[in-house]
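Colleague: I'd like to learn how to read a model like this one. Could you take me through a few of its features?

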Amino acid sequence: MKNKNCFIKLTSKLKGKQVEIVALNFNDELIKHKLENIGFIKGVKVKVLDNNISNKVLHLQLFNVQYVLREENCKFIDVKVV
Amino acid sequence: MSKLSKHKDINVKKFLLIGAPNVGKSTIFNILTSSTTLVSNIDRMTTEHNMGKIKKTKDYLIDLPGIYNLSHPIAEEKETHYHLLHHDVNAIVNVVSAFSIQRDLFLTIQCIETGLLNTLCINMIDLIKTNALDWKKISQKLNNAKIILSRSNRNKNTKKIIDSLYYSKKVDPHVVTYSKEIEQWISEYSNVMPELNISKRFASIMFLENNSYFINFISENFPKHWPKIEKILVKTKTKNFYSKIRQTKFKFIDQILTEAKYDNENYLKINIPLQNKFDHFFLKKWIGIPSFIFITILIYYLAFGTYAGGWIQQLFSEALTNQNWGLSHWISKLLANAPDWINSMFVDGILGGLFVILAFIPPIFILHVCITIIQQIGLLSRVSILLDNILSKFGISGRSVINLLTAFGCNVPAIMLARSSSSKKEQIISILMIPFIPCATKILVISSLSNIIFGSMYGWIFVLLAIAISGSIALILGLTFSKTLFRKSKTFFCVEMVNWNGVDLRVIFKSVWQIIKCFLKKAVLTITLANLLIWTLLHVGTQGYIPSNGNLENSLLYWVSKALSYPMWPVFGQLNWKLTACLIAGLPAKEAIYSTLIQVSLGIEGIKTIFNYNLSISFMIFVLYYIPCFPTIKVMFDEIHWKKTLINITISLSSAYLLATSVYWLGYCFCK
């Protein structure tokens, strides 16, 4: 799903690609805080790993650390492909 | 949070261990101090600070919960701020993982800005290639911070941290230069900031980032300085300096790593593709979930099974309590010439309780060794991913698996671990579910009873069934809370995929020894006192002392329990004062249920005469759920306050009552 600035939602369609985070659109400040803590902030490059295990989770690599997030939560993260 | 306030001796030094989760702080803490804290290969295992005396000194090292940055503390992150602001900390050791240095240097820079950092410990150095980075360059860029390369799980270079703590200079806090505008505001704040243990530069940056903890601390503790600071705060509050400061720091980190010749392709030593291949295999639902179920059954068989932990427990129990050749028999013989009441009080009252605890040690040891191995090798994060899809339907995320599995050991640390949940909803639901997960003590009580009643061949199967049913009830409860109290909130799942690790037996046995020590400390005093009290109430009646072979229905315990046995009639199908007495004794600690049962039944053989199959199952169900022990209630009260704690206790008691009553009468109808 694209918005008018050509940013897309972080979904499993981006598996194997490197993306740059544009915005975190969570209403819950605690969730936003926890993601920012581990480095999910605007401008940071994230690799969407192609582990191809489950469609319901995404494996993301950031600063050499692998994180697993639910795909339904990742839809609140706007990214652009690098 | 107030443990340190007891240690106000100004000659005693205090050092803080600060770092991200899962970088090895607790391992370093265990090596450098005489204390022991739990270590696990899952992030956020430490939820409160641990304080220990540095070996051969009188100074303290404080292990804090892992944090990623000092900017906007939430929940367990406030521990670090509390220590920085409320105590005269002498120095900070920042522990960073070599594996995730890009992420962790952010906190390093903030630690330097406090003005307290004098040692930077780069841990897990075995995970990266030799000479992967120019450490001298990194040290130079960080104002010549002392860097120690360590491998804490093999105790490599860890002791150099102590020398550095005492002899290295603190690093100049001005390590990053921000934009002109930000530096001007820092200067303005610094001019009006009070004298603190941390640098004024750091305090100023915290104000620019709108760190509410700092703002509240200064406004409450420095009323003379506050008006001037507030004037500046009004001007800076609406400008978004937080993200600008953050971006400057990240640019600086990029600069450091570029100059230190960081090459992502040639950095790591561990074979990530191989780990990924294994994860690819293990994380398939039809492999991972059955494997996990198999591992769980194996653990419980090893701890309680007929030819494993259960057999060892029985051996211990017989050696201690057998009335013909056990230790209590020989002690009783030694005291044969003493008055009967002394003999009985010592053997039944004091030693009876103690021997029950000692007999519990083998299964507790085996259970905790297995749980610690699972935690250490990195299985927990994989299990949380596997179960996330299922658990999300019950209002929690896969991360709660960690809390729930910890609850099988003890409910108290499991409730505290819930602080690291991704959302308030998940934290509260986890805490409300945890008392329904049977802890090791309840499992031991059930296991001991079921071995006596059903025989050792089938006893452990009953235990496994009880655990499975308890887990199901906890999940149903989670679903109910999710659909009622937290209808509009959604859960969030994010877990770090830690590396698969080997088993370090030294760390495992040290952790398990700490657990056994805590169990003995708590249990020996509580159970012995509870047992002695029960003995007194059981052997003192309206006509004085009642001998063991006397009529116990003249005792004070009989009258107290009899009164309370009326509401228990539907559960037991009879007025049973003995079982009611056991339930009362189990309120402070569940171990007392079994020791009281032995006393009121006059020995293990006597237990068989009290129970039939029906009654035994309904009694065990009641024990599993009725009321959490007092330490659990206290921790719940601290975490989720009295209203939700009261709701939980009410639900526990009602569930226990309804379930046990239904089981008893259904069994009664079928068996009739």
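Colleague: Which residues have the most contacts inside the largest nonpolar core?

Modeller: First, a caution: this is a predicted model, so local features need pLDDT of at least 70 and side-chain atom pairs count only at pLDDT 80 or more, while totals for chains, interfaces and linings use all residues. Residues are numbered from 1 along each chain as its sequence is written, chains are lettered from A and ligands numbered from 1 in the order in which they are written, and side-chain values use heavy atoms, with hydrogens and water left out.

Modeller: Now the core. A nonpolar core is a set of buried Ala, Val, Leu, Ile, Met, Phe, Trp, Tyr and Cys residues joined through side-chain atoms within 4.5 Å. Buried means under 20% relative accessible area, exposed over 50%, and partly exposed in between (1.4 Å probe, protein chains only). Here the largest core has 124 residues, and those with the most contacts inside it are A:L10, A:L35, A:F40, A:L69 and B:L142.

Colleague: Take A:L69. What is it in contact with, beyond its neighbours within four places in sequence?

Modeller: Contact means heavy atoms within 4.5 Å. On chain A, the partners of A:L69 include A:L35, A:F40, A:V57, A:C74 and A:I77.

Colleague: How many helices and strands does chain A have?

Modeller: Helices (H or I, at least four residues) and strands (E, at least two) are DSSP runs, numbered from the N terminus. Chain A has two helices and six strands, in the order β-β-α-β-β-β-α-β from the N terminus on. Of its 82 residues, 56% are buried. Taking contacts in chain A between residues at least 6 apart in sequence, 58% join residues at least 24 apart.

Colleague: On to helix packing. At what angle do α6 and α9 of chain B pack?

Modeller: Axes are lines fitted to C-alpha atoms, for helices over the stretch in contact, and angles run from 0 to 180 degrees between N-to-C directions. Helix α6 (residues 180-192) of chain B and helix α9 (residues 226-236) of chain B pack at about 160°, with axes 9 Å apart. That makes α6(B) roughly antiparallel to α9(B). For the wording, angles under 35 degrees count as roughly parallel, over 145 as roughly antiparallel, 65 to 115 as roughly perpendicular and the rest as oblique.

Colleague: Which residues make that contact?

Modeller: From α6(B) come B:W185, B:E188, B:Y189 and B:V192, and from α9(B) come B:K228, B:I229, B:I232, B:L233, B:K235 and B:T236. By class, that contact has six nonpolar, one polar and three charged residues. Ala, Val, Leu, Ile, Met, Phe, Trp, Tyr, Cys and Pro count as nonpolar, Asp, Glu, Lys and Arg as charged, and the others, Gly among them, as polar.

Colleague: How do α19 and α29 of chain B cross?

Modeller: Helix α19 (residues 424-433) of chain B and helix α29 (residues 630-671) of chain B cross at roughly 65°, and their axes come within 10 Å. Their contact uses B:Q427, B:I428, B:I431 and B:L432 of α19(B) with B:M636, B:E639, B:I640, B:K644 and B:N648 of α29(B). Those residues divide into five nonpolar, two polar and two charged.

Colleague: Last topic: backbone angles. What should I look for in phi?

Modeller: B:M124 has a positive phi near 60°. B:M124 lies in the loop between β5 (117-123) and α4 (135-141) of chain B, and is partly exposed at 22% relative accessible area. B:N144 also isn't a glycine, yet has a positive phi of about 60°. It is found in the loop between α4 and β6 (147-149) of chain B, and B:N144 is exposed, with a relative accessible area of 59%.
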